[in-house]
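Subject: Model handover

Hi,

Here is the structure for you to look over. My notes follow below it.

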Amino acid sequence: MTILLSRRALSALLVTTSLAFATPALAQNEIKIGYNADQSASGVAELGIAGLYGFQAAIEDINAKGGVLGRKLVGVVRDDIASPPKSIQNMNELIDNEKVAAVVGPTNSGNALAWLHIPQQKKIPVISHVATATDITARYLKEPQNYIFRVSMVDREQLALLAAYAIKATKTKNIAIVADTTGYGQAATKDLLEILALHGIKPVAIEKFGPKDTDMTSQLAKVKAAGADMVISGSLGDATAQVLKSMEKMDYYPGLLSTWGSINTPLINIAGPKLAEKTIFAASTTEDANDRAIALHKRLIAKHPNMPAFVSAAQGYDAVMLIAAAIAQANSTDGEKVQQALENLGKVQGIIKAYDKPFSKEQHEALGVADFHLAQWKDGRVVKVDNEIVKSLTAADLKR
Amino acid sequence: MTAILQALASGLALGAIYGLIALGFNITYATTKTFNFGQGAFLVPGSLVGVSLLLLAAGKPHWGNLAPSEMTLLSYGLATLASVAIVGAIGIVLYYCAIKPFVGAGGLNWVLSTIGFGIILQNAALAVWGPASIAVPSPLGNEVWRIAGAGIRPQEVLIAAVAISVMVGLDIVIRKTRFGKALRAVAFNPQAAAIVGINVEKIVIIAFVISSSLAGLAGMLIAPITTASVFIGLGVALKAFSAAIVGGLTNPRGCMLGGFLLGLIEALVGLWRAEMREITIFLLIIIVLVLRPGGLLGARSVEKI
């Protein structure tokens with residue numbers, strides 16, 4: 001009898017609690033946006049941290065203007081510590097438990113590729129504000145509705161810019177590729193080979209190294225022997241720093257171009273401020289790019305004095321702005337309707353640029369090679385590169 | 001030619017680290033016929049404790065990046081001594097938790113218990129320091145010394161110098177001192193050693209302390225080259241273990257030789273094809289094990305069945 005009673009009591013309790021969860025009065029007035037990105041673990045964690053600052057700033061700005069559909073935006077933040085299982089878990093939690101309307105993230109392409117199927121099946125729009133792998137937005141391109149969008153650099157596009165620069169800068173037409181053996185490095189190598197082939201150029205050396213290697217002198221010795229005067233590094237910031245350190249050891253300084261991983265402080269911490277200035281890398285924006293960027297940078301630095309990479313803060317900010325505009329246009333938080341609204345957006349003012357029809361059925365990249373520029377470290381800050389070679393680049397050079 | 005010289009310089013520094021850790025495997029294997037399979041995890045507190053001490057001394061939180069100005073040879077030396085002492089103390093805990101319950105009992109329980117202890121240690125470090133890597137400046141500065149065109153960093157010279165002195169020092173201790181005699185006696189026959197009045201357990205504990213300290217020292221030495229992080233240990237320890245097997249687990253000089261051999265092979269094969277390094281090393285290990293099961297300098301093992 002006592003058992004029966006307690007079972008009844010328990011089930012009564014369960015019913016009331018589940019009811020309590022089902023109709024939280026507050027949630028009616030809120031729209032939740034998830035944020036799932038590495039903010040602590042890998043070499044690109046700084047992009048996740050700065051991205052979060054931008055994400056929060058955009059939510060503040062929208063709420064200051066009365067929110068969306070008369071409801072407040074609320075950010076639900078998760079750190080995936082760069083681990084795919086954790087990232088998948090976060091994604092399920094955000095969608096199933098937190099009932100977010102959309103997700104911004106992640107930082108690591110590998111994590112995105114691990115969970116893309118979840119938002120796609122559950123019809124929750126995702127804007128990747130950092131991860132750059134070409135395949136992220138392309139995987140579900142053929143589906144009736146593709147829920148994955150991006151406001152970030154795309155590997156293929158940034159490599160196209162690097163290749164175009166390398167070809168203008170080389171005097172000997174001897175270009176080499178160095179890349180780590182991770183999926184990222186190998187995909188970059190493949191993209192680079194294809195892009196260089198469009199220019200009719202075959203790299204004189206293609207060298208690999210392990211992601212944890214600290215001495216690349218033997219690989220660089222072969223690059224040097226092949227006579228390369230421009231080297232493109234398809235690796236994350238830490239590895240590019242080790243490439244620079246090995247170049248210093250050999251006193252061999254060809255032009256070194258790298259992907260936007262170099263925008264993170266591990267490059268400058270590991271290679272040192274002087275050596276870090278020797279690589280030129282691709283970036284979508286810099287803190288001095290336009291008035292809106294200057295204003296946002298000032299505001300974020302006041303709040304977070306140690307804010308690293310501004311670039312992902314701008315991308316995180318713009319991602320939220322686009323989601324908010326889509327929810328307003330759809331007049332709903334229903335994933336299917338928001339996805340359609342994203343593909344039919346009108347003008348939205350962002351930090352990086354004023355977006356005008358940023359997405360369509362076939363185009364899920366808000367930014368393209370025309371929006372990117374080249375940057376480098378100078379006295380501990382990231383600045384735009386504006387030399388003769390950059391000025392001579394034309395649209396026709398950006399083959400991809 | 002410069003490229004080969006460059007590879008030799010890089011290989012020697014790397015080899016010295018392998019040799020140092022391999023020596024740690026030797027010293028406990030000799031005394032207990034067990035060793036710490038989780039040795040790689042001991043590099044982690046070795047480097048992180050030292051770096052945190054330096055950060056705290058500079059008035060910063062325990063986690064962050066060190067500025068080159070906050071690193072002097074003296075402060076680096078003191079931090080290294082402190083972290084060697086702390087990791088040595090962890091060695092005592094290791095002995096009581098993961099070795100003593102299983103030693104002499106036969107079976108492979110100690111293999112799993114030491115691996116488990118290492119995983120516990122690594123995850124504890126993950127909880128304290130987080131997963132990101134910390135850039136550590138070298139106490140000798142970051143410029144490059146040039147020898148006949150090949151560049152070598154002062155830290156690499158420091159690694160080789162410290163590692164070789166520690167190896168030579170330990171070699172002398174083992175061969176010349178009363179403690180060394182006791183150690184060898186325990187290694188040869190623990191029962192007989194106990195009968196002649198040697199405190200076997202004390203010797204064994206000291207062996208584990210030395211072994212762990214060596215890993216701690218290695219962690220602190222390589223931090224300026226690899227950065228300090230929770231994930232530095234595993235790859236290095238696996239190579240060190242291979243070095244011990246190739247050189248001879250029972251012979252301390254063999255372990256050092258194995259370390260240098262592996263470091264040099266790794267660097268020189270890298271000159272040819274980077275992705276062939278691991279293949280070459282592990283092929284070599286298999287060949288050595290087939291031809292000389294005890295390793296290059298190891299005693300010919302006669303297993304009684």
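A salt bridge here is a side-chain nitrogen of Lys or Arg within 4 Å of a carboxyl oxygen of Asp or Glu. By that rule B:Arg277 pairs with A:Asp213, with the closest N and O atoms 2.7 Å apart. Keep in mind that this is a predicted model.

**Between the chains**

The interface of chain A and chain B holds three salt bridges. Polar contacts between the two chains come to eleven residue pairs, both residues at pLDDT 80 or more.

The buried area between the chains is about 1,900 Å². Carbon and sulfur atoms give 46% of that area. Which residues of chain A lose the most area to chain B? They are A:Ser218, A:Lys245 and A:Lys249, together 28% of what that side buries.

**Between the domains of chain A**

Chain A splits into domain 1 (28-153 + 289-367) and domain 2 (156-283 + 373-397). Their centres, taken over C-alpha atoms, are 29 Å apart. In chain A, 13 residues of domain 1 are in contact with 14 residues of domain 2.

These two domains of chain A bury about 1,200 Å² between them, with 66% of it on carbon and sulfur atoms. A:Gly43, A:Glu46 and A:Met153 supply 39% of the area that domain 1 buries against domain 2, more than any other three residues. Salt bridges between the two domains of chain A number zero. Polar contacts there amount to two residue pairs, both at pLDDT 80 or more. Helices α2 (45-64) and α14 of chain A each supply at least two residues of the domain 1 side that touches domain 2.

**Nonpolar cores**

The largest nonpolar core has 118 residues. Those with the most contacts inside it are A:Leu73, A:Val151, A:Leu322 and A:Leu342. Helix α14 (residues 310-330) of chain A gives the largest share of this core, 14 residues. The core draws at least three residues from each of domain 1 and domain 2 of chain A. Apart from it lies another core, of 81 residues, including B:Ala163, B:Ala240, B:Phe260 and B:Val288.

Leaving out residues up to four places away in sequence, A:Val151 touches several residues, among them A:Ile127, A:Gln315, A:Leu322, A:Tyr355 and A:Phe359.

Best wishes

Note on methods
Residues numbered from 1 in each chain as written. Chains lettered and ligands numbered in written order. Predicted model: local features only at pLDDT ≥ 70, side-chain atom pairs only at ≥ 80, totals over all residues. Heavy atoms only, no water. Core = buried A, V, L, I, M, F, W, Y, C linked by side-chain atoms within 4.5 Å. Buried < 20%, exposed > 50% of the residue type's maximum accessible area, 1.4 Å probe, protein only. Helix = DSSP H or I, 4+ residues; strand = E, 2+ residues; numbered from the N terminus. Domains from an automatic or database assignment. Contact = heavy atoms within 4.5 Å. Buried area = accessible area lost by both parts, 1.4 Å probe. Polar contact = N/O pair within 3.5 Å; in protein donor to acceptor, adjacent residues only side chain to side chain.
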